[in-house]
Amino acid sequence: MPIVAQSTETTDWVSRFADEVIEESERRAPGKPVVVASGLSPSGPIHLGNLREVMTPHLVADEIRRRGYQVRHLISWDDYDRYRKVPAGVPGVDETWAEHIGKPLTSVPAPKGSPYPNWAEHFKAAMVESLAELGVEFDGISQTEQYTSGVYREQILHAMRHRADIDAILAQYRTKKAPAKKQQQKPVDEAELGAAEGSGAAAEDDGSSGSAGYFPYKPYCGNCEKDLTTVTSYDDDSTELTYSCTSCGFSETVRLNEFNRGKLVWKVDWPMRWAYEGVVFEPSGVDHSSPGSSFQVGGQIVGIFGGKQPIGPMYAFVGISGMAKMSSSKGGVPTPADALKIMEPQLLRWLYARRRPNQSFKVAFDQEIQRLYDEWDRLEAKVADGSVLPADAAAHSRAVRTASGELPRTPRPLPYRTLASVADITAGHEDQALRILSDLDPANPLTSLDEARPRYDKAEAWINTHVPADQRTIVRDEPDTELLKSLDEQARESLRLLLDGLADNWSLDGLTHLVYGVPKVQAGFSPDATPKELPAEIKTAQRTFFALLYQLLVSRDTGPRLPTLLLAVGQERVRTLLGE
């Protein structure tokens, strides 16, 4: 076999789980592919909290593949779940969709204008596209196809024969629920995104209702297609089942060994699949940690199907910042596709890889994304020069490549905040953007915007969709003559020093040195003096000087980084606006 266990002293959480999963897989199914699993319900937009349900096993599966093992990462699309409610803020959907509540997700019409045949396929498609961009390899399983083709027939009949055993397990957890506490609604940009109980089945009953006793199976009505049904009788020998629908009044008698229009209730369905697929690793959200939750109960019910509960770390919520500024998905929550519009897949992978599953983290849609990119670029520099710590190196490796190879990357990864500033100032004029970016490093100029893509496109998308209009940068057309006339001699001298140095310092580094150096020179210090060599007042003088430049250039006290702004405005126009 191709592996030696990794040392837990020097490796990251992914390697440690990989060690455990490989060992457990060899114990359960020696010589067979390792099976890890995720479950997603396409009941609406699949958000960044749900992505943790996929990224956690993906990263572990990818580590196992890197070691030479065969791995199957299953994603069960819970598209045979019932349609529970009409989600807010979905374009092309109105209150008439409420008439479909109770039907399988694949029997609900897609939003108006969608090219997809049903509700489930519409929301599944966006996630599949995002997972491809993220480099996630998986085997997708449609639960609609599994159930309606009779794949689980024997498992259903087995569950019905053992309904008393299942009922006894569930009965341990059936207690009178305390009244729900009223929770204060968090604003969208502070929200935490978790996965719903059991891939979206928190509110599903466990099948215990009905005067005929307990049944772990729910038929979908043959008339209205809804699951508002009650099993009224069942015969184990003939598998004859009678049900009635409380929605439309329809009832019928069928033979369960031939009937494919129904499913096991969630708390039985999940452990059945663990046993059927031989799942060794599947994480679950924090909502599974309480007594009676799907993962806890499933650990007991899985034995009825002859299987074992997977190794399953609990994963924490994913927070978001800045979502309130989004122009799309109003009333909704951000999806992986939303994140991938403004950040490269490597950065998004890194956010999930660098934190243990039980640690929460935030995905930034506000100004914080610039700081995250700065942190990422510093990590890349450390990897390049060999100074990176082992755990950070592991997280970086998992972000930039999979066992199949390296993810596509930006050839010239210029600083994100610089690209965002340029995109802001140029407002879609690519020739202007190329001119500015070429001036950043005159010794090695950019020859095409394609060299800065896709990072440039992500930064431009962030500016256009997440920066409010009143924070966008608009360069003045004419000099502010009133302000220029009102300046004292010291302010005029600071502008002269800047203008005198423009030609010799027309690059990003040169202009950075120049704008920070002017206040130093005015105070009698060398422009190369370090902060330790300078009195505290110099910082105040620098802030005053910067504010003056912003006012003269963009009529505000703040704006993009001044060196970038100067390059964007262009030397001739800068001279005009500064009153030369």
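This briefing describes selected sheets, a helix contact, salt bridges and backbone features of one structure.

The model is predicted.

- Strands pair in a sheet through backbone hydrogen bonds, in either a parallel or an antiparallel sense.
- Strand 2 (residues 71–77) runs parallel to strand 3 and is joined to strand 3 by four bridges.
- Ile 75 has Gly 140 of strand 3 standing opposite.

- Five bridges pair strand 6 with strand 7 (residues 240–245) in the antiparallel sense.
- Cys 245 in strand 7 is the bridge partner of Thr 229.

**Loop between strand 6 and strand 7**

- Thr 239 lies in the loop between strand 6 and strand 7.
- The phi of Thr 239 is near 60°, a positive value in a residue other than glycine.
- Thr 239 is buried, with a relative accessible area of 7%.
- Asp 236 and Arg 163 meet through their side chains in a salt bridge, at 3.1 Å from N to O.
- Asp 236 belongs to the loop between strand 6 and strand 7, and Arg 163 to helix 6 (residues 163–171), so this pair ties together parts that are 73 residues apart in sequence.
- Asp 236 is partly exposed at 33% relative accessibility, whereas Arg 163 is buried at 18%.

**Contact of helix 18 with helix 20**

- The axes of helix 18 (residues 489–501) and helix 20 (residues 537–554) come within 11 Å and cross at roughly 75°.
- The two helices are therefore roughly perpendicular to each other, since crossing angles of 65 to 115 degrees fall in that class.
- Helix 18 contributes Ala 491, Ser 494, Leu 495 and Leu 498 to the contact, and helix 20 contributes Phe 545, Leu 548, Leu 549 and Leu 552.
- Of the residues in this contact, seven are nonpolar, one is polar and none is charged.

**Further salt bridges**

- Side chains of opposite charge can pair when their charged atoms come close.
- Arg 66 and Asp 62 form a salt bridge in which the closest N and O atoms are 2.9 Å apart.
- Arg 66 and Asp 62 are separated by about one helical turn, because they are four residues apart in helix 2 (residues 48–66).
- Arg 66 is partly exposed, with a relative accessible area of 31%, whereas Asp 62 is buried at 4% relative accessibility.
- Glu 133 and Lys 458 form a salt bridge with the closest N and O atoms 3.2 Å apart.
- This pair links distant parts of the chain, with Glu 133 in helix 3 (residues 119–133) and Lys 458 in helix 16 (residues 455–466), 325 residues apart.
- Glu 133 is partly exposed, with a relative accessible area of 34%, whereas Lys 458 is buried, with a relative accessible area of 10%.
- A network of salt bridges links Asp 12, Asp 19, Glu 63, Arg 67 and Arg 398.

**Other backbone features**

- Most residues other than glycine have a negative phi, and most peptide bonds are trans.
- Arg 453 and Pro 454 are joined by a cis peptide bond, with omega about 10°.
- Pro 454 lies in the loop between helix 15 (430–439) and helix 16.
- Ser 555, a residue other than glycine, has a positive phi near 60°.
- Ser 555 lies in the loop between helix 20 and helix 21 (562–569).
- Ser 555 is partly exposed, with a relative accessible area of 37%.

Definitions and conventions. Residues are numbered from 1 along each chain as its sequence is written. This is a predicted model: local features need pLDDT of at least 70, side-chain atom pairs count only at pLDDT 80 or more; totals for chains, interfaces and linings use all residues. Side-chain values use heavy atoms; hydrogens and water are left out. Axes are lines fitted to C-alpha atoms, for helices over the stretch in contact, and angles run from 0 to 180 degrees between N-to-C directions. Angles under 35 degrees count as roughly parallel, over 145 as roughly antiparallel, 65 to 115 as roughly perpendicular and the rest as oblique. Contact means heavy atoms within 4.5 Å. Ala, Val, Leu, Ile, Met, Phe, Trp, Tyr, Cys and Pro count as nonpolar, Asp, Glu, Lys and Arg as charged, and the others, Gly among them, as polar. Two strands pair if DSSP finds at least two bridges between them. A salt bridge is a side-chain nitrogen of Lys or Arg within 4 Å of a carboxyl oxygen of Asp or Glu. Buried means under 20% relative accessible area, exposed over 50%, partly exposed in between (1.4 Å probe, protein chains only).
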